[in-house]
Amino acid sequence: MSEVVLDVRQLRRARYAVAAVFCVHGAVTGSFATRVPWIQEHAGLSAGLLGIALAFPAIGASVAMPLAGWVSHRFGARTALRGLLALWTMALILPSLAPNLLTLCAALFVYGATAGMSDVAMNALGVEVETRMKKSIMSGLHGMWSVGALIGSAAGTVAAHLGSDARLHHALAAVTLTVIGLVACQGVLDLQAEPEEAAPPRFSLPPKSALLIGAVGFCAVFAEGASLDWSAVYLRDVLDSSAGVAAACTTGFTLTMAIARLAGDAVVDRFGSVRTVRTGGVVAALGGLLVVVAPHPAVAMCGFAMLGLGIAVVVPLAFAAAGRSGPNPSQAIAGVATITYTSGLIAPSAIGTLADATSLVVSFGLVTVLACGLAVFAGVLRTEGREAGAAASADAADSAAPGPRP
């Protein structure tokens with residue numbers, strides 16, 4: 001009995017530790033997003049050139065993500081996460097140092113590569129904890145990521161309001177988050193590969209079963225990336241807001257995502273994945289419409305908040321549905337991840353390019369249309385007549401948990 005109690009305590013400790021890691025990861029993103037207008041001005045970029053630069057984090061992530069499994073296999077999950085997370089937190093310093101487009105693209109490539117690898121490593125550990133606890137925790141973990149993004153963006157809002165130099169702000173944030181991340185990593189599961197276990201493949205094509213599910217995730221991630229990277233710019237350029245108000249818009253967006261994700265496991269268990277995503281799509285579409293027609297910054301901020309609320313739980317549910325969609329759950333989940341990262345690659349540059357050709361208002365009209373797609377195609381998240389609640393999410397984790405075993 002004492003051994004069982006000890007196991008429960010260890011799992012609880014591992015859950016809290018990986019939740020802290022998710023929080024740190026999100027804080028880096030929030031810290032960066034609120035200072036995008038400063039970085040744009042410092043590098044002297046138009047909206048179109050900024051859009052090109054903002055494509056490079058997703059390019060870096062897409063290139064580097066397949067290496068995360070190999071790194072975890074080679075060094076063990078805890079050591080790999082510790083190193084990859086530290087690289088990600090310190091990479092926050094790079095974008096604000098860039099004086100022009102070329103150096104900013106290079107900085108954002110490194111920023112994205114370290115983000116993608118640490119993202120894969122922490123999600124693999126999260127799935128492993130969920131599997132062993134036999135209960136859904138992934139929505140809550142993603143909620144902690146949003147909490148971190150909220151904390152980071154709130155600090156960025158204060159820094160922007162005070163007119164501080166983003167280079168100093170990001171240097172202080174990077175050092176602080178690196179220390180917190182290293183401490184948190186001490187509590188995660190220390191998974192090691194078996195000696196005879198083959199290293200995971202570095203690249204695999206998404207299976208057909210993942211394409212429709214991935215398309216739903218694509219819509220959500222497109223709206224998320226567009227809002228996170230462009231909401232502050234939208235308020236500044238379209239509605240002539242101050243830097244502090246513009247940064248606060250990003251904070252509101254991350255706040256609603258955090259709330260929705262933290263409550264996500266209970267909501268999905270009560271109403272089912274399809275109904276949750278369909279309702280979320282309607283809310284997100286209404287939010288996008290508010291952004292497009294907003295005559296005042298407060299209205300646009302409400303619209304961005306509704307976008308965050310509507311899309312918050314879509315990606316975790318897409319991963320769960322992929323795990324139940326075919327004979328090879330791991331490959332299906334990897335395929336959905338590839339598609340969603342492709343969306344992250346396309347969104348920032350698409351918004352910027354379309355804004356250069358037309359306006360940012362038209363760009364967020366596209367976001368609104370994609371949000372409608374969530375409501376229309378939510379049914380693909382239903383597999384074998386079963387809604388994705390906490391038990392379904394655990395089932396997906398049981399069959400799909402990647403990575404080495406202890």
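Buried means under 20% relative accessible area, exposed over 50%, and partly exposed in between, with a 1.4 Å probe and protein chains only. The model is predicted, so local features need pLDDT of at least 70 and side-chain atom pairs count only at pLDDT 80 or more, while totals for chains, interfaces and linings use all residues. Residues are numbered from 1 along each chain as its sequence is written, and side-chain values use heavy atoms, with hydrogens and water left out.

**Exercise 1.** Decide whether H142 is buried or exposed, and find what surrounds it.

*Solution.* Start with the place: H142 sits in helix α8, residues 138-161. (Helices, H or I of at least four residues, and strands, E of at least two, are DSSP runs numbered from the N terminus.) Next, take the relative accessibility of H142, which is 10%, so H142 counts as buried. Finally, list the contacts (heavy atoms within 4.5 Å): leaving aside neighbours within four places in sequence, H142 meets F22, N123, R261 and P316.

**Exercise 2.** Identify the residues with the most contacts inside the largest nonpolar core, then trace the surroundings of W230.

*Solution.* A nonpolar core is a set of buried Ala, Val, Leu, Ile, Met, Phe, Trp, Tyr and Cys residues joined through side-chain atoms within 4.5 Å. The largest one has 110 residues, and W230 and F364 have the most contacts inside it. Helix α10 (residues 209-237) gives the largest share of this core, 15 residues. Now for W230: not counting residues up to four places away in sequence, its contacts include A47, L50, L54, P348, I351 and F364.

**Exercise 3.** Find which helix gives the largest share of the nonpolar surface patch.

*Solution.* Begin with the members: M90, V175, V179 and V183 form the patch, with about 350 Å² of accessible area together. (Accessible areas come from the Shrake-Rupley method with a 1.4 Å probe; for residues, only the protein chains shown count as cover.) Then assign the helix: α9 (residues 166-185) supplies three residues, the largest share, and V179 lies in this helix.

**Exercise 4.** Describe the whole chain in numbers.

*Solution.* Count elements first: the chain has 18 helices and zero strands. Then turn to burial: 56% of its 406 residues count as buried.

Definitions and conventions:
Patches are made of residues with over 30% relative accessible area and no salt bridge: like charges are joined within 9 Å, nonpolar side chains (Val, Leu, Ile, Met, Phe, Trp, Tyr) within 5 Å. A salt bridge is a side-chain nitrogen of Lys or Arg within 4 Å of a carboxyl oxygen of Asp or Glu.
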